[in-house]
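Here is a friendly briefing to read alongside the model.

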Amino acid sequence: MKQTGTDGEIFFNIAIVGGGFSGASLTAVLLGAADLPLSVVLIEREGNPGRGVAYGTRFGGHLLNVRAQNMSGRVDDPLHFLRWAQENYAADVQPGDYLPRRVFGQYAESILREADESNPGRFEWKRDEAIAIRQTNGKAEIYLRGGGRVVAGRVVLALGNFPPADPKFPGRTDSSPRYVSNPWAANALDGAEQDKAVLLVGSGLTSVDVAIALRERGFEGKIHMLSRHGLLPQQHKPVEPWPAFWNNESPRTARGMLQLLREQVREAEQQNNDWRAVVDSLRPFAQKVWSSLPLRERRQFLRHLRAYWDVHRHRVAPQIGVMLTTEMDQGRIQTHAGRVIEYCESGDGVEVSYRDRRSGELRKLSVDRVINCTGPDADVRRINDPLLQDLLSQNLVRPDALSLGLDTAEDGALIDGRGIASDFLYTIGPLRKGNLWETTAVPEIRVQASQLALHLISSLERQSVQFSDFEMLHSQTQIAQLQPKDGSMYFEQCYLGCLAHASYILISQGEAIIVDPQRDVEMYCEIASSRGAKIRHIFETHLHADFVSGHKELAARTGANIYIGARANAAFPHVGVHDGFELRVGSMRLQVLETPGHTPESICLLITDEEKSAKPWAVLTGDTLFLGDVGRPDLSKTHTPQELAGLLYDSVHEKILKLPDDVLVYPAHGAGSLCGRNMRAERSSTIGIERLTNHALQIASREEFIAELTANLPSRPEYFLQDAELNRQGATPLSELPELQPMSAQELAAALENGVNALDVCSGDAFAAGHVPGSINIALSGQFASWAGIVLGLSSRPVLIADTDEQLSEARLRLARVGIEDVRGYLRDGVEGWTRAGFALIGLQQISVQTLYGWRQTANVHVIDVRREPEFQAGHIPDAYWVPLDGLANAVLPLERDALIAVHCKGGYRSAIACSILQRAGFRKVVNVTGGFDAWQEAQLPVIDEQAIEV
């Protein structure tokens, strides 16, 4: 096996970053399977490739948790490891034995060594660390910590598991000397007093490994294991095979799968079999089961069932099970279930206070060391790995929807921030957990390695050109551009974050098409002009209900035609389009798909750049299909939600899902929009990704789809139907709206007496410091316009209160975007003018979640949660009143006006609005909880979950 320095820049067909079993296995398969003269470089900074952390252990008590007969590294030779072990470890190894993990490390290393020796000159190992990747001229340049650089055609991340994330223990600091952050570090167990107690945070496989290592090092003290549930991994034992029971008709919910498992276990027990046989029979289908669950059901599984699944699925060898039982019987190991409340470290040791899960009592443990054994961290956004952070910063990769790793396509290609599968970046192993779930054990890794190797070899042979004609650019104006290298077609997504609204501009041969324009249209004129194009066509995918469109003004300024679904009955000059309508502009072909469902007139636009391919390139889906969701079906005066939901099912299944998987999906809205419920935060996707991950597309039957989409719909803001009608008529040009007029403090005081709405647009902190009594605070920093439309309404005629002229201008524009056109005026000089005129300000007390928790122990404080219903049901503060913000103004609260009321939302923005509403209603002791429920959970304070799944 070669080991090279970092000088020189030889080109390799494939670079594999990471030399654990995943990387070594893939390398061996590539070298053994390729007919072409393939060159592979493996970049690994630690030891010899093949072992990694798991199989590089020096402790003999660390055993495999899979029988020897199932640990082959080769797909085509199931007993390869068993024979190797009999020849190289012990001749009497039996198929059912659980061998030391370090023996398997030697085996993995030998596989790679044999592949290298059989293919001389095609493999190199660079003992270095990859810290950055840049793609230039169709090749990947990998920068190494040692200063060198590797150039390759394809790059595979085989990074394995990462160290655990540090739990946030109140009282612990980064410099706490008695706390061990990474149990896998070489010196992690050094310094522990041999006869004193230690605390392992976690009770899974990592804790078991650390306990074994401590005992082999001569540690005689007591070992405490503390985790949320206090569950230890179960042990293996021989069972009779159980027939496969999962199929395409099986439940698609976490609760349903739990019930199915329980039924099978009961049946197995009646036949004198064991639950282990049932769990084992599900393993070959685990990835299919996972992909069949809608995203929200995967979240339910992670929240409620994961701990129980892990200890039953990931079992320990019988020898280890006996050791754990013996040690617990002797009192040398003790498990605890609960949450850490306080960490107090002194020169003598550490005192850890925790709240017992079962009794709710506060208990304490005094130990010499605390070792973090919570298991591998999977949230790539916080993992301290320079390569991952470099790729994330470039938008070349993105986290999966569950923060279990990186988002990947079915073939292992990494998906970038635009939702496009990479043509040069891939991954294997634990980083695919969010998409596959079962992706860390040898039986799954060897299959992945075989499949990925075949794909890489095939891609190198035919050099795929998909998407190669475009480059993605990003600007501070949140405009994503697909810019042609030869000038044939130009595409931009213009994203307005405050409304979560995406509009589009497409240009070919001097003509521009605008799709779903926002109300202020100057931007489109500037972009077209800068590209030497004229705007000739404007498309509306439907009559938008959450914002006012600028289509009529844009058409008046440019002379462009407006196209909209014929069922819109639009009152402005337009072209009513039906299914099959086609528009050609230069090399671009635009086809209309009628897709009623979100609204009766909804359409999608299929885009093809015929100079590149006759196949469609992207579909602009309006509000029909979102990323992770579909449009809500309750925005029509003429159709019931059930009727629209049925039409939407037909549109999705008969039109959109008929498109090829590689067609890009660009919707009109992103996460935060009220036009859907479960939208992801990304700005684009593909048909294939949505087919796999979109919860609405997992619903098989039309009837179930209708029931699902019409159940528990969030309340529809009153202004939605008004905005839709405004868009049907066509809005007044912004330039024709009257100018804002100043109002004196005396005039505002008199107006407030008569019930006028005063809208303070300053930050929540500024409002809390002092504000005009009776004013409503909706800060510009959040979804200002949407909440103004919901809380105030389009006919509210508010008086604005701001700190600067810029805030006034911004507020006026954003209000007009949702249809609040008649603004009464503004308070001259803001709150300063108010106080200068002799009027008093009032404040708003703000408290932390820790303060609130303390108050609840000693005072009669009422908590009001103003989040939406799904947020509340997913978890809330015990005994909190649930009053969603959109219904707060009209709610009848069972509270006295002098009651102490603490208000919270998710993070603090909505609760500031709510506090101002309550103050205006006469409640005198209102406080805002800063950080909201996120901070409450972060502090590990008590939470009630109304949707808990019984286990």
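This is a predicted model: local features need pLDDT of at least 70, side-chain atom pairs count only at pLDDT 80 or more; totals for chains, interfaces and linings use all residues.

## The open parallel sheet

Five strands, in the order E31-E35-E34-E32-E33, form an open sheet with parallel pairing. Its edge strands are E31 (742-743) and E33 (776-777), each of which pairs on one side only.

Residues are numbered from 1 along each chain as its sequence is written, and side-chain values use heavy atoms, with hydrogens and water left out.

- E31 runs parallel to strand E35 (residues 825-827), and 2 bridges join them.
- Across this pairing, Pro742 stands opposite Tyr826 in E35.

## Strand E21 and its partners

- Strand E21 (residues 511-515) has 4 of its 5 residues buried, so it is largely enclosed by the rest of the structure. Buried means under 20% relative accessible area, exposed over 50%, and partly exposed in between, using a 1.4 Å probe and protein chains only.
- Strand E20 (residues 501-508) pairs with E21 in the antiparallel sense, over 5 bridges. Leu506 is the residue opposite Ile513 in E21.
- The hairpin of E20 and E21 has 2 residues between the strands, and Gln509 takes a positive phi near 50° there.
- Strand E22 (residues 534-540) runs parallel to E21, and 5 bridges join the two. Here Ile513 stands opposite His537 in E22.
- Together, E21, helix H14 (residues 522-530) and E22 make a right-handed β-α-β unit. Right-handed means that, with the strands pointing away from the viewer, the path from the first strand over the helix to the second runs clockwise.

- E25 pairs with strand E26 (residues 588-594) in the antiparallel sense, over 4 bridges. The bridge partner of Arg584 in E26 is Arg589.
- With 2 residues between its strands, the hairpin of E25 and E26 has Gly586 at a positive phi near 60°.

- Ser25 lies in helix H1 (residues 21-33), and Ser25 is buried, with a relative accessible area of 5%.
- Apart from neighbours within four places in sequence, Ser25 is in contact (heavy atoms within 4.5 Å) with Gly73 and Ala449.

## The second largest pocket

- The second largest pocket holds about 610 Å³ of space. Of its 20 lining residues, Leu258, Leu261, Val279, Tyr308 and Trp309 are the closest to its centre.
- On a 1 Å grid over the protein atoms alone, a pocket is an open set of points with protein on both sides within 12 Å along at least five of seven lines, and a cavity is a set where a 1.4 Å probe fits but cannot get out; lining residues have an atom within 4 Å of a point. Grid points are joined across faces, edges and corners, and a volume is the space filled by probe spheres set on the points.
- Helices H6 (254-270), H7 (275-282), H8 (286-292) and H9 (295-313) each supply at least two residues of this pocket's lining, and H6 gives the most, with 6 residues.
- The pocket lining divides into 18 nonpolar, 1 polar and 1 charged residues. Ala, Val, Leu, Ile, Met, Phe, Trp, Tyr, Cys and Pro count as nonpolar, Asp, Glu, Lys and Arg as charged, and the others, Gly among them, as polar.

## Enclosed cavities

- The count comes to 5 cavities of 30 Å³ or more, and the largest cavity has a volume of about 80 Å³.
- Residues lining the largest cavity include Leu499, Asp546, Trp787 and Arg868. Helix H22 (784-791) and helix H19 (719-729) each supply at least two lining residues, with H22 giving the most, 3 residues.
- By class, the largest cavity's lining has 6 nonpolar, 4 polar and 2 charged residues.
- The second largest cavity holds about 70 Å³ of space, and among its lining residues are Asp629, Arg632, Cys675 and His695.
- The lining of the second largest cavity has 5 nonpolar, 3 polar and 3 charged residues.

Technical notes: Two strands pair if DSSP finds at least two bridges between them.
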